[in-house]
Amino acid sequence: MASILRLRKLYYVEPAVKCSSVGFESLDQSPKIDQKLDKREDDVICANNLALEVKKKRKQAKEWRCMDSCCWIIGCLCTTWWLLLLLFHCWPVTLLRAPELPGPGVRLKREGLMALHPVVLVPGIVTGGLELWEGRSCADGLFRKRLWGGSFSEIFKRPLCLLEHLSLHYGTGLDPPGIRVRAVPGLVAADYFAPGYFVWAVLIENLAKLGYEGKNLHMAAYDWRLSFQNTEIRDHSFTRLKSKIELMYITNGYKKVVVVPHSMGAIYFLHFLKWVETPPPMGGGGGPGWCAKHIKATMNIGPTFLGVPKAVSNLFSAEGKDASYIRAMVPGVFDSEILGLQTFEHVMRMSRTWDSIVSLLPKGGDAIWGNMDSSPEEGHVCDFSKKSHSQTSLSDNNVNNSDVKRGFQVKGVAKYGRIISFGKAASVLHSSKLPTVDSKEFSQMSTSKNLNISCGEVWTEYDEMSRQNIQNAAADKAYTTTTFLDLLRLVAPKMMRRAEAHFSHGIADNLDDPKYNHYKYWSNPLETKLPNAPDMEIYCLYGVGIPTERSYVYKLSPNSRCKSIPYQIDSSLSGEDNSCLRGGVYFADGDESVPVLSAGFMCAKGWRGRTRFNPFGIATHIREYRHKPPASLLEGRGIESGAHVDIMGNSALIEDILRVAAGATGDEIGGDRIYSDILRMTERINL
Amino acid sequence: MSLLRRRKPINESSDSKPLLEKEGEEHHEEDHDEDEDDGNGKNKKTPSKIKKKPPPQSKWSCLDTCCWFIGCICITWWLLLFLYNAMPASFPQYVTEAITGPLPDPPGVKLKKEGLEAKHPVVFVPGIVTGGLELWEGRECAEGLFRKRLWGGTFGEVYKRPLCWVEHMSLDNETGLDPCGIRVRPVSGLVAADYFAPGYFVWAVLIANLARIGYEEKTMYMAAYDWRLSFQNTEVRDQTLSRIKSNIELMVATNGGRKVVVIPHSMGVLYFLHFMKWVEAPAPMGGGGGPDWCSKHIKAVVNIGGPFLGVPKAIAGLFSAEAKDIAVARALAPGFLDNDIFQLQTLQHVMRMSRTWDSTMSMIPRGGDTIWGGLDWSPEEGYSCSKKREEDDTQITDQAGAENAVCKARSANYGRIISFGKDVAEAPSSDIERIDFRGAIKGLSAANTTCRDVWTEYHDMGFAGIKAVAEYKTYTAESIVDLLHFVAPKMMARGTAHFSYGIADNLDDPKYKHYKYWSNPLETTLPNAPDMEIFSLYGVGLPTERAYVYKLSPHAECSIPFKIDTSADDEDTCLRDGVYSVDGDETVPVLSAGFMCAKGWRGKTRFNPSGIRTYIREYNHSPPANLLEGRGTLSGAHVDIMGNFALIEDVIRIVAGASGEELGGDQIHSNIRNWSEKINLQLEETQVYSSR
């Protein structure tokens with residue numbers, strides 16, 4: 001409107017010229033003209049053709065305006081952003097941080113502690129970075145870029161390509177032809193899992209404060225997808241670790257090393273301890289005194305000695321939160337359908353090629369994890385609302401625990417022993433009312449195969465099972481740890497055949513049986529002896545006070561679409577207030593991934609004193625850290641966390657490690673420190 | 001039209017007024033317009049009325065235009081970025097091929113097709129400057145930089161806190177080790193030197209090509225070390241030599257007993273020479289590997305651009321901090337070092353920092369006048385750089401003869417590595433009056449105390465000392481060492497404890513068991529490993545600094561008193577900007593890179609008693625044809641040669657098992673043979689060598 005009015009005015013001044021010149025002039029002046037909005041009513045003077053022309057002009061002008069505003073807004077935003085960024089960078093570093101306590105490293109340095117023993121860090125599953133060394137054409141340009149860890153930007157760009165490269169060969173559990181994905185070496189392998197998400201970084205930084213550096217600090221990165229023995233076969237990881245430890249031992253004035261494994265790294269290192277003393281070709285040929293000579297202490301953080309139930313659900317239905325970090329970070333990705341509606345199936349196919357996950361299946365069978373009717377954790381009280389309560393109330397709880405528990409036990413709250421049950425009924429009914437499961441039944445089922453060819457593309461072994469079998473396996477049954485292994489052998493025979501050549505999940509009757517010299521028993525603490533190193537110390541450091549997955553209630557998947565996973569966790573099930581059932585999962589005490597039982601049992605009982613698993617009486621210590629969520633957002637992941645990974649930033653834990661690395665013994669740092677029911681639980685286990 | 005005419009002056013006038021008045025100005029404009037209307041006798045309107053009704057749409061002020069402009073740019077940028085990301089990965093290659101024709105396969109792919117496979121484990125030894133350094137412990141000013149790269153990478157911190165950075169990169173100038181409270185350590189692993197800065201490859205291309213034929217982390221090892229330290233100190237402080245030994249033993253053991261191929265680059269060549277002596281020397285000074293360690297573990301040493309006999313650049317670097325030894329850094333940020341961001345004392349700060357680095361002293365030319373020439377002669381005599389040297393091998397000898405004939409009259413006196421004034425550089429030696437500086441008394445500090453915050457030893461010299469240095473007029477390789485002793489006594493005292501620059505008369509002298517001789521090929525014997533092979537791979541065809549024309553710096557107060565006389569130019573004698581250049585790879589002259597393999601070690605000599613075979617492979621430099629090629633696949637420059645396809649192919653063949661003969665023996669483009677013949681160095685054990 002404005003422009004028209006204005007033009008009219010102009011025309012009035014000099015009509016003849018105006019009509020001819022309006023074309024460019026109005027354009028040039030439009031911003032100015034607009035400002036001069038004039039509401040006078042005037043006679044229409046200009047000719048019709050002029051009006052038309054003006055209309056066109058106005059239209060153009062308007063579009064132009066819109067673009068302009070867009071540009072303007074973006075420009076404004078950018079400028080402000082840059083300004084803020086500039087300010088942020090100019091900001092003195094100290095101002096940003098709240099005045100916090102000096103970290104444990106600084107504190108202990110003031111106490112006069114110095115780097116003494118070399119330190120070896122052994123990362124766990126998932127947290128180590130993997131990089132590409134040779135790939136298919138779809139992975140062009142990714143040479144020596146991280147496929148796993150880092151920013152994960154490639155997952156979004158080419159998800160299927162990435163899955164293909166991260167999978168291993170289903171038959172051998174090694175590289176597929178033409179693809180070489182290798183562990184990132186060095187401290188960078190697992191200091192940060194993703195930018196800003198620390199794993200080892202905080203510990204490394206604190207160690208550095210005491211004077212640690214590259215020559216006495218080593219990250220034993222390995223390809224965590226492989227079975228442990230395969231890391232040696234393919235990458236010589238054990239040989240390298242051995243040579244590294246020997247080198248550090250010599251170059252640091254003959255000081256024994258302190259090994260700090262985390263999560264799966266604990267059983268990886270257990271495997272190493274056996275491997276290194278075993279003669280070649282199967283072992284490293286270090287001789288029987290190697291461990292005693294080179295290792296001062298093993299400080300297992302959140303060790304998965306007896307496995308984790310999460311691995312069960314992961315292998316069974318790909319639903320596990322074993323990869324909980326990833327899920328926590330990119331919650332939508334795996335659940336959404338970006339991979340063509342079959343995210344879960346793809347993930348399952350990939351993770352089933354990883355032998356290492358099988359190493360995390362619960363070990364020790366019913367003797368450890370409980371049978372149909374009893375379990376060591378029986379009577380555990382879950383109070384989800386209590387999570388945020390202060391420590392005092394929890395310790396009160398501890399005192400009264402026994403009485404309260406007896407009360408619940410009568411009701412029979414959770415039968416943790418049934419690690420998988422189909423339907424809630426199966427999870428609570430008394431065992432006599434349930435149909436029995438035996439292996440004979442399994443073998444019958446597996447004979448009647450019915451291959452569905454139409455479901456060609458995505459290959460999980462479920463496709464080879466007939467619908468009938470799937471239902472049979474599920475029909476109102478409950479599985480304990482032992483029978484679950486049979487179930488897995490049914491639903492994924494090839495995977496289990498491959499993996500069971502590398503891992504064993506039983507309990508040894510007689511450890512002197514020569515069969516236990518085979519490497520497949522080395523990572524199972526219940527089937528190996530600790531080395532002859534009486535001066536060595538073993539620590540179990542783990543968080544408690546977080547509900548941890550312990551057993552699952554399953555249901556048949558409603559959509560029988562081919563290629564889908566036929567089972568899923570019945571997430572509609574939740575118990576009453578005090579029941580430990582939430583979303584189809586029974587919870588027990590632990591660090592969110594590893595139940596207390598798995599992390600603490602060996603140190604509390606299995607190796608305590610001189611047992612058949614620990615014939616030379618290596619000293620064991622339990623150090624528990626009670627979880628305390630960060631008070632405010634500013635604290636990030638907290639310095640008192642007990643969660644499986646976040647515990648690596650727990651200052652109490654870091655302090656313990658630093659003290660031991662600086663030469664302290666277990667008794668000097670305070671011996672056992674126990675908050676959980678681990679001692680009572682272990683009493684119930686009859687080994 | 002009339003409006004336009006009328007408005008123009010108004011606009012101009014408003015533009016010429018100060019910005020502050022702009023707001024009001026626009027109202028004035030309006031007023032003018034209104035007045036026009038009024039003049040035409042229509043409705044009356046007062047300016048105040050207009051002001052009461054503010055324009056509903058925001059004014060398009062200068063700020064808005066800026067924002068609009070930025071917005072436009074951002075949008076275009078994002079659009080381009082989006083397009084770039086959406087672009088298929090092969091697109092750039094496609095474009096390149098469309099322009100330049102099909103690219104040759106990278107050597108890794110080509111040789112894989114030939115059936116070559118990973119065989120011998122590979123050890124890389126990076127050179128000076130190219131390895132990354134990270135912070136492990138620092139002062140307050142470096143907070144938040146824990147385990148961040150101080151050297152290599154983006155160098156972002158240099159710009160943010162330059163003085164802090166210089167402080168952390170310097171070593172202690174007494175001990176040559178860490179200053180108190182600062183620990184800067186080499187980055188370990190292949191990442192240490194694959195890229196020096198983002199996009200500037202060093203080893204990355206070679207690594208990628210090796211990976212094509214099956215190499216991976218377990219068969220490749222980057223022997224990263226702190227290149228600022230003297231070689232023996234890397235063992236003292238970090239046990240780097242022990243780690244290299246242990247890693248080589250490990251790789252040999254895990255690869256079925258196959259010996260390693262070592263690939264040192266630049267200063268890494270000297271470092272590895274030191275290592276080979278160290279590893280066989282008995283503990284505690286050595287590694288105690290026993291006398292046959294090298295023959296058991298090493299198949300070949302493939303030296304790339306090795307400054308066996310030092311580089312003249314190092315002299316200029318130590319003398320006046322002007323050298324382009326840090327050529328890489330300078331090439332990246334050419335204006336940066338010369339700038340005045342350190343409060344007018346950039347060069348002094350750089351000098352102070354680099355003079356604490358013992359390693360730079362390992363590259364001072366060795367062998368004295370015997371190798372580098374005296375006042376009146378030099379091995380390269382007669383070299384003419386103005387000629388295009390693209391002839392074949394066969395023509396070279398003729399050419400050389402011709403050159404000699406033509407240039408005899410006017411040839412650069414390369415032997416005079418430093419001359420004060422161009423006339424001195426050219427005059428016959430008899431005409432030069434030299435006053436020996438060695439006894440000269442250094443005047444008591446002429447520099448006032450204000451300069452003391454920047455420590456270079458020049459402040460202790462005083463004017464008398466400076467004058468004495470200038471009056472000696474010209475320096476040959478041997479007197480250079482004395483010169484450096486004179487101008488920087490503390491630094492050289494530190495350096496001579498770790499390095500030696502002479503020629504051994506009698507190699508059996510027990511004094512040569514000391515580690516300071518180990519990195520000098522003229523004062524050590526090669527290990528007893530007759531099956532080993534030594535290759536010398538280097539680029540030729542680039543003008544390389546060889547001798548300098550200096551002048552006194554006009555303002556000798558706080559600054560460095562000497563500088564290169566950049567005004568000195570002479571087409572005929574290869575003098576440009578005060579620098580005489582000669583054939584080489586831009587950093588290392590051919591003489592230094594090739595002499596040992598061409599003559600010093602060829603056959604059974606006293607430096608090579610077990611007769612290790614040596615091969616020379618030269619690569620003629622040809623610059624990249626166009627920008628798309630980046631740093632080129634045919635380059636011969638000191639660092640860029642690591643991307644030279646011919647060199648990579650040779651390396652891959654060697655690591656896959658080929659011997660030097662199978663590779664084709666020597667490949668020589670330069671005059672190295674003629675030049676080394678001119679050098680009169682005793683090679684037989686029996687005769688007693690008399691110096692000059």
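Predicted model: local features only at pLDDT ≥ 70, side-chain atom pairs only at ≥ 80, totals over all residues.
Student: What joins strand 1 of chain B to strand 8 of chain B?

Tutor: Strand 8 (residues 260-264) of chain B runs parallel to strand 1 of chain B and is joined to it by 4 bridges, with Val122(B) standing opposite Val261(B). Val261(B) also has a bridge partner in strand 9 of chain B, namely Ala300(B), and strand 8 and strand 9 (residues 298-304) of chain B pair in the parallel sense over 3 bridges.

Student: Why are strand 7 and strand 17 of chain B said to stand at the edges of the sheet?

Tutor: The open sheet has 6 strands in the order 7-1-8-9-12-17 (chain B), with parallel pairing. Strand 7 and strand 17 (613-620) of chain B each have a single partner strand, so one side of each is left without a neighbour in the sheet. From one strand to the next, the twist averages 15 degrees.

Student: How do you know that both faces of strand 1 of chain B are covered?

Tutor: A residue is called buried when its relative accessible area is under 20%. In strand 1 (residues 122-125) of chain B, Val122(B) and Phe124(B) on one side are buried, as are Val123(B) and Val125(B) on the other, and both faces are therefore covered.

Student: Turning to chain A, why is helix 13 called roughly parallel to helix 23?

Tutor: The axes of helix 13 (residues 309-317) of chain A and helix 23 (residues 481-491) of chain A come within 11 Å and cross at roughly 20 degrees. Angles under 35 degrees count as roughly parallel, and therefore helix 13 of chain A is roughly parallel to helix 23 of chain A.

Student: Which residues meet where these two helices of chain A are in contact, and of what class are they?

Tutor: From helix 13 of chain A, Val312(A), Leu315(A) and Phe316(A) meet Phe484(A), Leu487(A), Leu488(A) and Val491(A) of helix 23 of chain A. By class, this contact has 7 nonpolar, no polar and no charged residues.

Student: What makes helix 23 of chain A mostly covered?

Tutor: In helix 23 of chain A, 8 of its 11 residues are buried, among them Phe484(A), Leu487(A), Leu488(A) and Val491(A).

Terms used. Residues numbered from 1 in each chain as written. Chains lettered and ligands numbered in written order. Heavy atoms only, no water. Buried < 20%, exposed > 50% of the residue type's maximum accessible area, 1.4 Å probe, protein only. Pairing = 2+ DSSP bridges. Axes fitted to C-alpha atoms, helices over the stretch in contact; angles between N-to-C directions. Parallel < 35°, antiparallel > 145°, perpendicular 65-115°, else oblique. Contact = heavy atoms within 4.5 Å. Nonpolar A, V, L, I, M, F, W, Y, C, P; charged D, E, K, R; others polar.
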